[in-house]
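Dear colleague,

Please find the structure below, followed by a short account of what was found in it.

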Amino acid sequence: RNMPQSPWIIDGERKGNSSVEEAICGPAAHLYAASECRFHAEGREDIDVRMLGSGRTFVIEVRNAKKTSPSSSDLEAAVNVAGGGEVSVRGVLRCTASAMADLQKDAEN
């Protein structure tokens with residue numbers, strides 16, 4: 001709770017200290033020495049919504065990566081350490097374009 005899925009900027013003012021997107025994309029961009037990281041999640045979460053269950057499916061696009069050798073487990077460890085207990089990930093896998101299309105289709109339903 002108290003952490004939105006994506007950064008909230010309302011009328012030029014940031015709401016909240018961080019977001020799930022930042023907690024995942026920051027370590028990912030650093031680990032892969034990437035110029036950009038985009039976060040795509042199934043569904044959405046507002047800042048006042050409590051996450052129940054085992055979490056949400058998401059995809060990150062790591063763009064212009066200078067490093068490609070870090071593994072999925074390296075990414076999990078980097079995010080989990082940086083998340084400080086607020087955000088954690090598990091079961092991270094590289095995905096295909098078709099997996100991304102499925103995620104986007106599910107988000108529309």
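Is phenylalanine 58 buried, partly exposed or exposed? Phenylalanine 58 is partly exposed, with a relative accessible area of 28%; buried means under 20% relative accessible area, exposed over 50%, and partly exposed in between, with a 1.4 Å probe and protein chains only.

This is a predicted model, in which local features need pLDDT of at least 70 and side-chain atom pairs count only at pLDDT 80 or more, whereas totals for chains, interfaces and linings use all residues. Residues are numbered from 1 along each chain as its sequence is written, and side-chain values use heavy atoms, with hydrogens and water left out.

Aromatic pair

Rings of Phe, Tyr and Trp (its six-membered ring) pair if their centres lie within 6.5 Å; planes under 30 degrees apart count as stacked, over 60 as edge-to-face and the rest as tilted. The count by this rule is 1 aromatic pair. Its partners are phenylalanine 39 and phenylalanine 58, stacked at 5.6 Å centre to centre with 25 degrees between the planes. Phenylalanine 39 lies in strand β3 (residues 36-41) and phenylalanine 58 in strand β4 (residues 58-63), 19 residues apart, so the pair links distant parts of the chain. Helices (H or I, at least four residues) and strands (E, at least two) are DSSP runs, numbered from the N terminus. Phenylalanine 39 is buried, at a relative accessible area of 14%.

Nonpolar core

A nonpolar core is a set of buried Ala, Val, Leu, Ile, Met, Phe, Trp, Tyr and Cys residues joined through side-chain atoms within 4.5 Å. The largest one holds 17 residues, and those touching the most other members are Ile24, Cys37, Phe39, Ile60, Leu75, Val79 and Val87. Two or more residues come from each of α1 (20-31), β3 and α2 (72-83), with the largest share, 6 residues, from α1. Leaving aside neighbours within four places in sequence, isoleucine 24 is in contact (heavy atoms within 4.5 Å) with residues including Phe39, Phe58 and Val87.

Leucine 75, in helix α2, is buried, with a relative accessible area of 8%. Beyond its neighbours within four places in sequence, leucine 75 is in contact with Ala28, Leu31, Tyr32, Ile60 and Val92. The C-alpha atoms of leucine 75 and tyrosine 32 are separated by 9.0 Å, although these residues are 43 apart along the chain.

Yours sincerely
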